[in-house]
Amino acid sequence: MPEGSCLCGEIRFRVSGPLLPVVGCHCVQCRKTSGHYWAATATRRELLEISGTPKWYESTPGIKRGFCGRCGSSLFWDDGGDLVSIAPGGLDEGEPPAMVGHIFCASKGSYYEVADGLPQAAASDEEILKRGRTWRLP
C-alpha cells in the first residue's frame, strides 16, 4: 500500500489500492502552490486515508488544495469528484506510476522548458487526462 507524508510528518496518508499515472500541470495556480509545477497522481476517494488534519484552501470555487499547516507541504488537490489527486513527491518510498503528459503548458514559467518528450497541451486536455486514468481503480 502506498504511504506518504508531509515534510514534518504531521500529515500522513495511505492509499489502499493503486495510484494512477502522474500528470504535470503548469497552470499559474499550480505553479504558485508548488513553487514550480504541480505533478499529481490520483486515487479513488474511498481508497485514501489521511491522518492528521490538513489545511484546505479553496483556490477556485469547488476546488480545494490540501497542505500541512505546520510545514506547508502541498499534498492534495480535490475537485469533489471520485478521485483525489496526490503529490507523488509526498510518497515515503517506491516510485509512483510514470508521468504520462503535461497540461496547461501555455501558462508554464518562462524560466524552464518541458523537454521530456511526453505529450503536452496548452490547456486542459482530455487525451492526456485519459492517459493518466488508464488504470482501472477498484
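**Note on a predicted chain**

1. Phe76 is found in strand E8. Strands here are DSSP runs of E with at least two residues, helices are runs of H or I with at least four, and both are numbered from the N terminus. This is a predicted model, in which local features need pLDDT of at least 70, side-chain atom pairs count only at pLDDT 80 or more, and totals for chains, interfaces and linings use all residues. Residues are numbered from 1 along each chain as its sequence is written, and side-chain values use heavy atoms, with hydrogens and water left out.

2. Is Phe76 buried or exposed? Phe76 counts as buried, because its relative accessibility is 2%. Buried means under 20% relative accessible area, exposed means over 50%, and partly exposed lies in between (1.4 Å probe, protein chains only). Phe76 and Trp56 sit 20 residues apart in sequence. In space, their C-alpha atoms are 8.9 Å apart.

3. Look next at Ser73. It lies in the loop between E7 and strand E8 (74-78). Ser73 counts as buried because its relative accessibility is 18%. Its side chain reaches the backbone nitrogen of Leu7 at 3.0 Å. Leaving out residues up to four places away in sequence, Ser73 touches Cys6, Leu7, Gly66, Phe67 and Cys68. Contact means heavy atoms within 4.5 Å.

4. Now the hairpin. Strands E6 (residues 55-60) and E7 (residues 63-67) run antiparallel, joined by five bridges. Two strands pair if DSSP finds at least two bridges between them. Lys55 stands opposite Phe67 in E7. Which residue in this hairpin takes a positive phi? Gly62 does, near 85°, and two residues lie between the strands.

5. Step back to the whole chain. It has two helices and 10 strands. Along the sequence the pattern reads β-β-β-α-β-β-β-β-β-β-β-α. The radius of gyration is 14 Å, close to the 14 Å that the globule rule gives for 138 residues, so the chain is as compact as a globular protein of that length. That radius is taken over C-alpha atoms, and the rule is 2.2 Å times the number of residues to the power 0.38. The C-alpha trace spans about 35 × 30 × 30 Å along its principal axes.

6. Of the 138 residues, 41% count as buried. Among contacts with a separation of 6 or more, 60% come from residues 24 or more positions apart. The accessible surface is about 7,600 Å², by the Shrake-Rupley method with a 1.4 Å probe. Carbon and sulfur atoms hold 50% of that surface.

Terms used: Polar contact = N/O pair within 3.5 Å; in protein donor to acceptor, adjacent residues only side chain to side chain.
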